[in-house]
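Keep the viewer open as you read.

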Amino acid sequence: MRTILITGPGGGGRTTVAAATALAAARDGHRTLLLSADRTDTPGTALGTATGPAPIEVTPHLTAWRPDAVARFREDLTAFQTRAANVLDLLGAARLDAEEVTPLPGAEELSFLRALRDAALSERYDLLVVDLPPLAQALPLLALPEELRRYLRRLLPPERQAARALRPVLGRLAGVPMPADWLYETAARWDLELAAVEAVLTDRNTAVRLVAEPGPAGADAVRTATLGLALRGLRTEALIANRTLPETAPDSWVSSLLAQQRKTLADWEETHEVHRVPHLGRDPHGRDDLDALAVPAVNPAPDPVEWPVLDRIAEDGVLVWHLPLPGAIREELDLVRRGDELLITAGPFRRIVPLPSALRRCTVAGAGLRDGALRIRFAPDPDLWPAAGR
């Protein structure tokens, strides 16, 4: 299955472009699911067919779905209370009824990611078009599975789970009760679910389609998004320049906007595959309007994002790790090594990545940013690297 994640700055028309992308793919005969994170029925307005918490068939090959994150959170919390019943009873805790549950911060995002995972693993569709929230929410959302898995591994490392038979003894020796089985089982289940979401996001058949109006605000948003996505190893499949004006604009103020769009488009075309979507002179509504947008087809053969390690030991005595970070600024880059991990800060974004196995036996020898790529040099540690002839 191909997965296209669509996002852009708020008000840039990302939901309309997502609906047009899904409709065009369905018209080409691809079994397509449009999955939207919108709380309101913006996709339904664009399609001319109401969407909601149950998948609905819009056309013979197009299904639309807006999962109810609140309902799913209630289900998850009810199930958790059932699994932890013994502990809750021991503490004298009063259980929450489903009707009194309101989502906690982050709960809706996790519920949506699970819906994305379920849709991507389904065999009913050929293409999954995901209408993500605006960029400010979408970038943290895409980072959430990896970061939560790291927290779980640090707080409850599975390799340190004591054998059941030894727990009473260890508890007496430590003077505190040992974590119960259900805690590790819950952590393992969460890790498995998060790993499945992460696998979908990092799959070579997953790409991001950015949607923005050409102009100063759109240019800033695209520049920031490109860097954030690159740091996550996510590929930008296309940049949709939405609501572009026609070349003939008689009014002086429209001519000024057109000149502004031309400059932004010229800059974008130097670094992205840009597709222009025309301004219809009105908000698109219905399938005819979506067809008139003429959005490009989804790329059937995406190029995967790679962070290669190049062997330069013979020439320079180092291994070089190449990290493509288009839009990165040297003064806003920071690298910190912590054991077998590297903490990378690029502008407003931060990511902790595990080092490839070969680099774990090396020390950092320097780094440089050139042509939109960060090159980190690693020198073999003599105490850990096998010497020639040994």
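## The cavity and its lining

L142, E146, E198, L201, T202, R232, L234 and R351 line the largest cavity. A cavity here is a set of points, on a 1 Å grid over the protein atoms alone, where a 1.4 Å probe fits but cannot get out, and lining residues have an atom within 4 Å of a point. This is a predicted model, so local features need pLDDT of at least 70 and side-chain atom pairs count only at pLDDT 80 or more, while totals for chains, interfaces and linings use all residues. Residues are numbered from 1 along each chain as its sequence is written, and side-chain values use heavy atoms, with hydrogens and water left out.

How many cavities of 30 Å³ or more does a search of the whole structure find? There is one, and the volume of the largest cavity is about 90 Å³. That volume is the space filled by probe spheres set on the grid points, which are joined across faces, edges and corners.

Two elements give two or more residues to this lining: α6 (135-155) and α8 (181-202). Helices (H or I, at least four residues) and strands (E, at least two) are DSSP runs, numbered from the N terminus. The largest share of the lining, three residues, comes from α8. Sorted by class, the lining has three nonpolar, one polar and four charged residues. In this scheme Ala, Val, Leu, Ile, Met, Phe, Trp, Tyr, Cys and Pro count as nonpolar, Asp, Glu, Lys and Arg as charged, and the others, Gly among them, as polar.

Now for the aromatics. A search of the whole structure turns up two aromatic pairs, and they are set out below.

| Pair | Geometry | Centre to centre | Angle between planes |
|---|---|---|---|
| W307 and W321 | edge-to-face | 6.0 Å | 70° |
| W321 and F378 | tilted | 6.5 Å | 55° |

Rings of Phe, Tyr and Trp (its six-membered ring) pair if their centres lie within 6.5 Å; planes under 30 degrees apart count as stacked, over 60 as edge-to-face and the rest as tilted. W307 sits in the loop between α11 (287-293) and β9 (309-312) and W321 in strand β10 (residues 318-324), so their pair ties together parts that are 14 residues apart in sequence. With W321 in strand β10 and F378 in strand β15 (residues 373-380), the other pair ties together parts that are 57 residues apart in sequence. Buried means under 20% relative accessible area, exposed over 50%, and partly exposed in between (1.4 Å probe, protein chains only).

Six bridges join β12 to strand β11 (residues 333-338), and the two run antiparallel. Another six bridges join β12 to strand β13 (residues 349-354), again antiparallel. Strands pair if DSSP finds at least two bridges between them. L342 in β12 stands opposite R337 and also opposite V353 in β13.

Five of the six residues of β12 are buried, leaving the strand mostly covered.

Helix α1 (residues 14-27) is largely enclosed by the rest of the structure, because twelve of its 14 residues are buried. Among them are R14, T15 and T16. The 14 residues of α1 should span 20 Å at 1.5 Å a residue, and the end C-alpha atoms are 20 Å apart, which agrees. The expected span is 1.5 Å times one less than the number of residues. Just after α1, G29 takes a positive phi of about 95°.

Helix α5 (residues 107-121) passes the same check: its 15 residues should span 21 Å, and its end C-alpha atoms are 21 Å apart. Buried residues in α5 include F112, L113, R114 and R117.

Which residues other than glycine have a positive phi? One is R243, at about 55°; R243 belongs to strand β7 (residues 236-244) and is partly exposed, with a relative accessible area of 23%. Another is A294, with phi near 55°. A294 lies in the loop between α11 and β9 and is exposed, with a relative accessible area of 55%.

Note on methods
1 Å grid on protein atoms, 1.4 Å probe; cavity = no way out; pocket = protein on both sides within 12 Å on 5 of 7 lines; lining within 4 Å.
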